[in-house]
Structure formats: C-alpha cells, structure tokens
Amino acid sequence: MTSTTLRRLLFSVFLMSLFTTAIKRYSLSSLTRIIAKTDVNQPVTARAMHIQSIPMWVGTGNNYAYLVSDDKSHEAVIIDPANPPEVIPVLREKSSSGGLKLTNIINTHHHKDHAGGNQEIINEFHLQVIGGRDCAMVSKTPAHNTTFNIGSIKVTALHTPCHTQDSICFFFEDGEDRAVFTGDTMFIGGCGRFFEGTPKEMHKALNETLAALPDDTKVYPGHEYTKGNVKFAKKVLNNDAIKRLDEYSQANKETQGKFTIGDEKQHNVFMRLDDPELQRVTGKTEPIDVMGALRSMKDNS
Ligand SMILES: [Zn+2]
C-alpha cells in the first residue's frame, strides 16, 4: 500500500466518523424536539374525563354504577350507585387517596336498582342528588336539554320518558370526548321495557333524542344485557353489525363504553324501524308500530 493510498483511506475513515457523529447528533436533537413537543401538547390533548365502571349484582341484575371524574378539577359524580356495599369502597378509596372531590349522585331514573342506594351513600358522603323527579332524595331535576358542569365536563340532561316517566339520559362532553349514560332507556343492542310509557315515547327517545347525538358518542347503559339483546336481534335481523356485536359479546363480559351511537344505529333493532326486514318480520310499516311489535316480541322471547 502506498502512502498516498493510506492517506486517502485514513481521510475516508475520518469523513465517515464525522458523518456518523452528525447523524447521531441530529437524531438526538430531533428526538428531543419530538419529546418536548409531546410534553407541550399533553395538557391540551390528554383526556380529562375519566369513567370508571362499577359492576353491581354481577350474575343477577348485572347493573353498572359509573364514577365519572374531571382529571383537571378532580370533581367527580357517581351515577346510579344502587348497591352501596359494592360502590362505597371505591368511593372511599378514590376520595381519600385518589383526591377526588365527589359532588353529586346522578340518577337515570327512580327504580331501586338505580336510585335505591342514595340514602346510604348520602349518609357517608353528603352529596346532592341530580336525577328524575321520582328518585329518592332528589334535590335537582334538570329540565330537558339544560346543561350543568362537572369541572370542565359539560353535562346535558336529555329527558327520555318511557321505561319510567322520570327517565333522563345524561350526555357528557369534554372536548372531543363524548359519552352518554342511558340508564334503562338504551342498552347496547337494545332498549328498556315500556313500564310507564308507550312505543311512541321510546321511538322519540331512541330515534330522535339519542339518535341526534354525535355518532362517536360512547354508550354507557345501566345494565350489561348485550348477550340477550344480540340473541333477540339475530332472530329478527341479520346484518354485519349484529354479527360483529355477537362476536364481541361472546368474547367480552363487559360491553359498556365499547360502542357508540353510530354503532347502535347499525346493530340496535329498535333504532332500525325503517329496515324492510324488520317491517316484514313484524308485519308493520309505521315506525311506532314496528317499535311496539318488536318490544312485544322481545318481552315474549
Ligand atoms: Zn334497571
């Protein structure tokens, strides 16, 4: 090897090491920038609305209470805490170590398996009850379409009389995050029985009031009834959305918050009253008549 070749070789090695160092520096600085950018964006994009499901009477009533908190202000509400022995331990833990400030009980309707725990919860936590007019210990019944706030979460009360006349669904919005707590008015893939109302009222509740919410609104019902609802849906209608819901409910014990208003429009037969197949199966054409017929078929199934 001549000395010139050696010099050239050494020079190339030198250039390559310079190049590698530059690449490393650049990558490191761009990585730092990405991290810095993420940190800066965090408070803006992070979810502030936090929803914790509390299953109650699993295996019998299969109810859900929901603890909803605003991570920014730490304000929180408990929705339908009907079985205090299953709810109070969670509330104690979250309000002491978790630092949550519980402000209200919210009830979707007066039935005992939703509002029956109010007295016992109030004894310990001294909360006001927001809910339907017939709920135990109720102190405020918001008018239809009126709003209130839990920290930065905006809540809209939507009156949906039928299962009971005092049924209210509560629509929670935090920026782009949307959830609706539907009590026994809407279930995943179904609806509640018409104890105090008519097919016309349920049609209005599901297909006007709740259907008007943004399609990406997540649905949190009062009970885990999805498997039974799919079983009935499959008897009267077959579509891809019902197949997907069937598969999901077979594989997952809990379905609350996993489906949206947009999904319900596809797989909830009570929201597909214009579907020719459902008109054929029920022998009815008017939406209210289809609603009534479907509910009777489900009640007798
Ligand atoms: Zn119920």
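This is a predicted model: local features need pLDDT of at least 70, side-chain atom pairs count only at pLDDT 80 or more; totals for chains, interfaces and linings use all residues.

Student: Then is Gln 256 buried or exposed?

Tutor: Gln 256 sits in the loop between α7 (240-251) and α8 (261-267). Inside 10 Å there are 23 C-beta neighbours, and the cut-off is 20 or more, so Gln 256 counts as buried.

Student: Which residues is Gln 256 in contact with, leaving aside neighbours within four places in sequence?

Tutor: Start with Lys 218, which is 38 residues apart from Gln 256 along the chain, with 8.3 Å between the C-alpha atoms. As for the contacts, they are Ser 53, Tyr 64, Tyr 220, Pro 221 and Glu 224.

Student: Which strands stand at the edges of the open sheet of 5 strands?

Tutor: The order is β7-β8-β9-β10-β13, with mixed pairing. An edge strand has a single partner, so one side is left without a neighbour in the sheet; that describes β7 (147-150) and β13 (218-221).

Student: In β8, what is the bridge partner of Ile 150?

Tutor: β7 and β8 (residues 153-159) run antiparallel, joined by 4 bridges. Ile 150 belongs to β7, and its bridge partner in β8 is Ile 153.

Student: What is the handedness of the crossing of α6 and α7?

Tutor: The axes of α6 (residues 226-236) and α7 come within 10 Å and cross at roughly 145 degrees. As for handedness, the crossing of α6 and α7 is left-handed.

Terms used
Residues are numbered from 1 along each chain as its sequence is written. Helices (H or I, at least four residues) and strands (E, at least two) are DSSP runs, numbered from the N terminus. A residue is buried if 20 or more other C-beta atoms lie within 10 Å of its own, exposed if 12 or fewer, and partly exposed in between; C-beta atoms are placed from the backbone. Two residues are in contact if their C-beta atoms, placed from the backbone, lie within 7 Å. Two strands pair if DSSP finds at least two bridges between them. Axes are lines fitted to C-alpha atoms, for helices over the stretch in contact, and angles run from 0 to 180 degrees between N-to-C directions. A crossing is left-handed if the near helix is turned anticlockwise from the far one by less than a right angle, and right-handed if clockwise.
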